[in-house]
Amino acid sequence: MTPRPVTAVHLTEEAARVITDELRTADNSRETGGILLGHHVHDAMIVRHAGTPGPDAVQTPTYFLRDLAHAQDHSVWIGEWHTHPTSRPIPSTRDATTYRQLLNDPELAFHSFIAVILGPRAPHWDMTAWTCHNNTIAQVAVHGPPQHR
C-alpha cells in the first residue's frame, strides 16, 4: 500500500529540543542541521528524533551537508532539517536538487522526503516544513510543542 501524500509534519518534544539546542549553540553565520527520523502515519510525518550535524559536517553560510557517518541510525530516515541563516526558510535550488536526488535513489526507497528549514526572525527562528514527492516540493503544516513553533 502506498502511503498517502504528506500534509503535515509533527515534531515530538525530543526532536524540537535537539533542534533548539543546536540553534542555541551553533555559529549563526553558517548553515547547520541534521537528519529527521520518524514514521509516516496517515497523511503526516511524525518526527521522533532530530539529529545534529556531526563533527565532519560541511557548514558554510549558504550550504549544509550532513556528516553521513554521524547520521547513520537504525531508525527510519524521513528527511532533514537545516537553517538558512541569511535567507528565508524556503528550499533553495541546491536544496531542491538534493531532495530530488534522494527521492530518485532506488537504494533509499523514499516515498516522500521531509525538509524542515529554519530562517532568522528576531529574536527567534521561523520554522517551515516541506514535503518532496513525485518531483514536487510543497509547503506543509508543521506542528510541535508550542514553544518550538
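Modeller: Let us begin with V116, which, leaving aside its neighbours within four places in sequence, is in contact with V9, L36, E80, W81, H82, M127, T128 and A129. The model is a predicted one.

Biologist: Which residues touch the most other members of the largest nonpolar core?

Modeller: They are L36, W81, V116 and L118, in a core of 21 residues. Two or more residues each come from β1, α1, β3, β6, β7, β8 and β9. The greatest contribution is that of α1, with four residues. There is also a second, separate core of nine residues, and L103, F113, A115 and W130 are among them.

Biologist: Why is T83 called buried?

Modeller: The term applies under 20% relative accessible area. T83 has 2% relative accessibility, and therefore counts as buried. T83 is found in strand β6. Leaving aside neighbours within four places in sequence, its contacts are L23, R30, E31, T32, L118 and W125.

Biologist: What makes strand β8 mostly covered?

Modeller: Strand β8 spans residues 124-133, and eight of its 10 residues are buried.

Biologist: How do you know that β7 and β8 pair, and in which sense?

Modeller: Strand β7, residues 113-121, and β8 have nine bridges, in the antiparallel sense. Two examples can be given: G119 has D126 as its bridge partner in β8, and P120 has W125. A hairpin of two residues joins β7 to β8.

Biologist: On what grounds do you say that β8 also pairs with β9?

Modeller: The requirement is again at least two bridges. Five bridges join β8 to strand β9, residues 136-143, and the two run antiparallel. H133 stands opposite T136 in β9. The hairpin of β8 and β9 has two residues between the strands, and N134 there takes a positive phi near 50°.

Biologist: What is the order of the strands in the closed barrel?

Modeller: The seven strands run β1-β3-β2-β6-β7-β8-β9, with mixed pairing. Neighbouring strands of this sheet are turned by 35° against each other on average, direction ignored. Helix α3, residues 93-103, packs on the sheet and touches β6, β7, β8 and β9. The direction of α3 makes about 160° with that of β7.

Biologist: Which strands does helix α1 lie across?

Modeller: Helix α1, residues 13-25, lies across β1 (8-11), β3 (44-50), β6 (77-83), β7 and β8. The helix runs at about 55° to β3.

Biologist: Why is the pair D21 and R24 called a salt bridge?

Modeller: The cut-off is 4 Å between a side-chain nitrogen of Lys or Arg and a carboxyl oxygen of Asp or Glu. The side chains of D21 and R24 meet at 3.0 Å, N to O, so the pair falls within that cut-off. Being three residues apart in helix α1, D21 and R24 are separated by about one helical turn. D21 is partly exposed, with a relative accessible area of 31%, whereas R24 is exposed, with 60%.

Biologist: How many salt bridges does the structure hold?

Modeller: It holds two. D27 forms a salt bridge with R30, their closest N and O atoms being 3.5 Å apart. D27 is partly exposed at 40% relative accessible area, and R30 is partly exposed at 34%.

How values were computed. Residues numbered from 1 in each chain as written. Predicted model: local features only at pLDDT ≥ 70, side-chain atom pairs only at ≥ 80, totals over all residues. Heavy atoms only, no water. Buried < 20%, exposed > 50% of the residue type's maximum accessible area, 1.4 Å probe, protein only. Axes fitted to C-alpha atoms, helices over the stretch in contact; angles between N-to-C directions. Contact = heavy atoms within 4.5 Å. Core = buried A, V, L, I, M, F, W, Y, C linked by side-chain atoms within 4.5 Å.
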